[in-house]
Amino acid sequence: MQWEPVIGLEVHVQLSTCSKIFSGASTAFGAEANTQACGIDLALPGTLPVLNENAVAMAVRFGLAINAEIPEYSVFERKNYFYPDLPKGYQTSQMAHPVVGRGEVDITLGDGTIKTVRIHHAHMEEDAGKSLHEDYSGMTGIDLNRAGTPLLEIVSEPDMHSAEEASAYIRAIHAIVTYLGISDGNMAEGSMRCDVNVSLRPKGQEKLGTRAEIKNVNSFRFVERAIAFEIERQSEILEEGGVIVQETRLYNPDLDETRSMRTKEEANDYRYFPCPDLLPLMLDEAYIEHQRSLLPELPSEKRQRFVESLGLSTYDADVLTGSRPLAEYFEAVQKLCGDAKLAANWVQGDLLGRLNRDGLDITQTPVNAEQLGGLLARLQDDTINGKAAKQVFADLWECRGETADEIIETRGLKQVTDTGAIESLCDQVIADNPVQVTQYREASEDKRGKMIGFFVGQVMKASRGTANPPQVNAMLTEKLDALL
Amino acid sequence: MAIEHANVLRAAHLARLGVSDAQAERYVDDLSRILEMVDRLAEIDTEGVAPLSHPLDATQPLRADEVIETDRRDTFQKVAPATADGLYLVPRVVE
């Protein structure tokens, strides 16, 4: 049987406000335990929540970025459950009236096709604290610094049908929130966490199969691998005529598998109801339009501009708009050297290649955009050739010079374009290699093209890499063909 | 809506309240009377009236995104039954 996977994601994005969603305590990461947990976060009697205007603005901007409806009225509700890292006994969340309604996100797949994933809604809620299960004489330690940190939970429709699509989706969400500057998107620190719903159905069937929910997956790669494992597991069960149990599973990256969390004795009963401590949130047209005016150029718009105005391929445009710092880096380089294709090649090849090799991201690059742009400008105006440019780039990477110009000067890498100088080098190489000249003359025409490479190499060597290769090539072809 | 013994025990369990069988019996009676009163509301014609999420005709005020709280951990932890390394200690929770 052909099975079709159906995948939906709930992505929790930590909003990068300074203070918490309902209190004036700091949200900074890494503070000493409970030093950022105030009376409201601790649920001390008599305290009341007051909503953070910036959390609302960030949620609205996300909604506008995905073309969602922004209802003028939204309501906070209490989701009731008991856990020690949730001191109020309920999480303040939204259900019936979320701040962001239906929207959509475009994802780009490996073959360059663009697919639209519908967003069911996005709602604001508070994060819980952290439980530390190390042994405190048989007790559990609770750190409430994270309690009350604002989250935006983005719920997709089950529109994805492969691990690749799910991974492209979460990358797209990551790009949107980091472009908007509403989250640092740091998955390692938990700023983005993801619950994945996976089910299978016979291909062509409308009705959805029973789903499993994989909780708290915290990296792009794990999302992909957890889904791949889950598809495999479910199809094996179904092939053997078994039934999928609706349950919550956890992905273990070390074993690369999902495992059932202990089945709860009873189904969750969250008893949602409107929070009497918080009034309905009203957003008028003027407010929403003001937030719209604050939107930066979004990844999809940038991608389109890179293709249409800069002439990049959709693949290049997709890679280069993957994150806002990368896109800004590329644009700075492109402006300095005036050649988008050249800038795209160097940023994707040499720069990203080395960053990857050294385990750095774009914000940690040793070669800044001004330096790379300056280097490519010299390549562009023929001051240096491609080989010298690689050398200069390596020097910049190792901080052996401040600017490309300085390195070109001290290393004597200026390209020789003087016809006379190149001509005498060509004559010398032809005179020094009579055997190869004879072979060239006797070769068929289609082979000569390749054989010229030997002579070009010799001339480049003789010029210590400073000759202009196309010029050398043209001159050698002319001289050798004259000998035929 | 009729309320039964089992409903009371379940509600008590969800709220983590210790309710004895005898107490539950009394609550069946009390809660049923409250629900009967609420049921009377259903007799009112609410056609075309949007559900109310708050009794006050007011909207949510917003506060500026500023850190105004200082670290008062020591004060807060004085009333906690058990603490260690700055953490609040609770009976062991097994995942």
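## Briefing: salt bridges, surface patches and buried sites

Glu331(A) is buried, at 11% relative accessibility (buried is under 20% relative accessible area, exposed over 50%, partly exposed in between; 1.4 Å probe, protein chains only). This is a predicted model, in which local features need pLDDT of at least 70, side-chain atom pairs count only at pLDDT 80 or more, and totals for chains, interfaces and linings use all residues. Residues are numbered from 1 along each chain as its sequence is written, chains are lettered from A and ligands numbered from 1 in the order in which they are written, and side-chain values use heavy atoms, with hydrogens and water left out.

**Salt bridges**

- Over all chains, the structure holds 37 salt bridges (a side-chain nitrogen of Lys or Arg within 4 Å of a carboxyl oxygen of Asp or Glu).
- Glu331(A) pairs with Arg305(A) in one of them, at 2.8 Å from N to O. Glu331(A) lies in helix α7 and Arg305(A) in helix α5 (residues 299-308) of chain A, so the bridge ties together parts 26 residues apart in sequence. Helices (H or I, at least four residues) and strands (E, at least two) are DSSP runs, numbered from the N terminus. Arg305(A) is partly exposed at 27%.
- Glu157(A) and Arg102(A) meet at 2.9 Å, N to O. Glu157(A) sits in the loop between β10 (150-156) and α2 (163-180) of chain A, and Arg102(A) in the loop between β5 (90-93) and β6 (103-108), so this pair links parts 55 residues apart in sequence. Glu157(A) is buried at 13%, whereas Arg102(A) is partly exposed at 45%.
- In chain B, Arg33(B) bridges to Asp29(B), with the closest N and O atoms 3.6 Å apart. The two are 4 residues apart in helix α2 of chain B, about one helical turn. Arg33(B) is exposed at 52%; Asp29(B) is partly exposed at 44%.
- Shared partners join Glu230(A), Arg233(A), Glu247(A) and Arg249(A) into one salt-bridge network.

**Contacts**

- Leu278(A) lies in the loop between β15 (273-274) and β16 (281-282) of chain A. Leu278(A) is buried at 3%. Beyond neighbours within four places in sequence, its contacts (heavy atoms within 4.5 Å) include Phe22(A), Phe76(A), His54(B) and Gln60(B).
- The C-alpha atoms of Leu278(A) and Glu308(A) are 47 Å apart, although 30 residues separate them along the chain.
- Leu336(A) is in helix α7 (residues 324-337) of chain A and is partly exposed at 45%. Leaving aside neighbours within four places, Leu336(A) contacts Ala369(A), Glu370(A), Gly373(A) and Ala377(A).
- Glu4(A) is in strand β1 (residues 3-14) of chain A. Glu4(A) is buried at 16%. Not counting residues up to four places away, Glu4(A) touches residues including His161(A) and Arg201(A).

**Backbone**

- Most residues other than glycine have a negative phi.
- Asn34(A) has a positive phi, near 65°. Asn34(A) lies in the loop between β1 and β2 (51-52) of chain A and is buried at 1%.
- Arg271(A) also has a positive phi, near 45°. Arg271(A) is in the loop between β14 (257-260) and β15 and is partly exposed at 31%.
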